[in-house]
Amino acid sequence: MPLQSHVQIGIVGKPNVGKSTFFAAATMIDVKIAPYPFTTIEPNVGIGYVRIPCVCRDLGVKDNPRNSICIDGNRFIPVELIDVAGLVPGAWQGRGLGNQFLDHLRRAPVLIHVVDMAGATDEEGRLVKPGTHDPLDDIEFLSNEVTMWMVQMLSKDWDKLVRLVDYAKKPLLEVLYDRFSGLGITQPQIGDALTKLGLDTKPLSKWSDDDIKGFVTMLRELSKPMVIAANKMDIPEAEDNYKRVVKDVGNKYRVIPVSADYELALRRAAKANLIKYIPGDDDFEVMVSNLTKAQRDALERIRDFMHRWGGTGVIKALNTAVFDVLGMIAVYPVADERKFTDTEGNVLPDVLLLPRDATVLDLAKAIHSEIAEKAVTGVDAITGKRLGVNSKLWHRAVVRVYISK
């Protein structure tokens, strides 16, 4: 059974911003790889991929991946994308299908907010003339929706929380953790938000509405960080907006220029064998000579865009979410450190996404609980150096875990 690294990304945004196109483009690598034991693949959940340079090139070996894909020395690692249906203002109060959709965000530790950078949709997602709506309003609105949804969760039966903490003397951290436990929020994140705002020493009964909202805003930023996919960058009006957004909120969010339409067009053209395109590249190769003038012109437009922005931005947005914002590292576990193989002789078959402070023991746990129980040491397969079970791993490490017999 291939190993799975289970990272989830929520794809959010109002209607008509190109969110479904982004989702379709991101999930369309048409390669059969081992079946995913992802628990419940609902219609709004799909598999996207992050991309790293594969170590097969550095090691001069021909790999045979099982849980991922290697294309021309680039390893594509699966992540779960949760497509949250279009949110409208007031979703946290149940407007539209708001609460139901916000509930889909519970599982995702990072969000990609697809924003119409061309300003061609109003706050409800209705089509308007490009340049007439301000994308900054959309960024603000969506952050506020998620915050207010969490405020609502926290302030429900507020008196009961006050009694538990101020009178029954239950630790504040524990009580808040219980309240948010369904959201994948950790105790350290809660502790961090409390300390940063000086609320760790303030009695709960003295918290004002501003304290509650301030705490939740900070907690949301720590536990559900957001990457902005600045979509529709292929529309002329988008560029000025993009520069303004980067200037305004670039210190708070990573803002990635994207054309989901172009990415989807490229993947479809590649599937039809019209072009050779590796998702995430900043160019492609035309494979046939009999394209129509319209097809040639369209591909030239896409190529100009890719050269200008370094690709279509779809893979870059996923990579930014996983590697830069979540700080994950990709680690290759092997059973034979000399041949870089698993027990069946497959070369570099699996690659796992682990937190940046992961140790050899964490890798062992990700492989199998029994291996974790018996793990005694690790080996860096590239240098042959011994690693203790508590040694920290690094990005693109190739590691064998030794177990006691």
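Trainee: In which helix does T147 lie?

Mentor: T147 lies in helix α4; helices here are DSSP runs of H or I, at least four residues, numbered from the N terminus. This is a predicted model, where local features need pLDDT of at least 70 and side-chain atom pairs count only at pLDDT 80 or more, while totals for chains, interfaces and linings use all residues. Residues are numbered from 1 along each chain as its sequence is written, and side-chain values use heavy atoms, with hydrogens and water left out.

Trainee: Why is T147 called buried?

Mentor: Its relative accessible area is 3%, and buried means under 20% (exposed is over 50%, partly exposed in between; 1.4 Å probe, protein chains only). T147 is therefore buried.

Trainee: What does T147 touch, not counting residues up to four places away in sequence?

Mentor: K213, V216, T217 and R220; contact means heavy atoms within 4.5 Å.

Trainee: What makes α4 oblique to α8?

Mentor: The axes of α4 (residues 135-155) and α8 (residues 209-223) cross at roughly 120° and come within 9 Å. Angles run from 0 to 180 degrees between N-to-C directions, with axes fitted to C-alpha atoms over the stretch in contact. Under 35 degrees is roughly parallel, over 145 roughly antiparallel, 65 to 115 roughly perpendicular, and the rest oblique. So α4 is oblique to α8.

Trainee: How confident is the predictor, by mean pLDDT of the chain?

Mentor: The mean is 90, and 91% of residues reach 70 or more; pLDDT is the predictor's confidence in each residue, from 0 to 100. Over residues 31-41 the pLDDT is below 50. Where pLDDT is low, predicted coordinates should not be read in detail.

Key
Helices (H or I, at least four residues) and strands (E, at least two) are DSSP runs, numbered from the N terminus.
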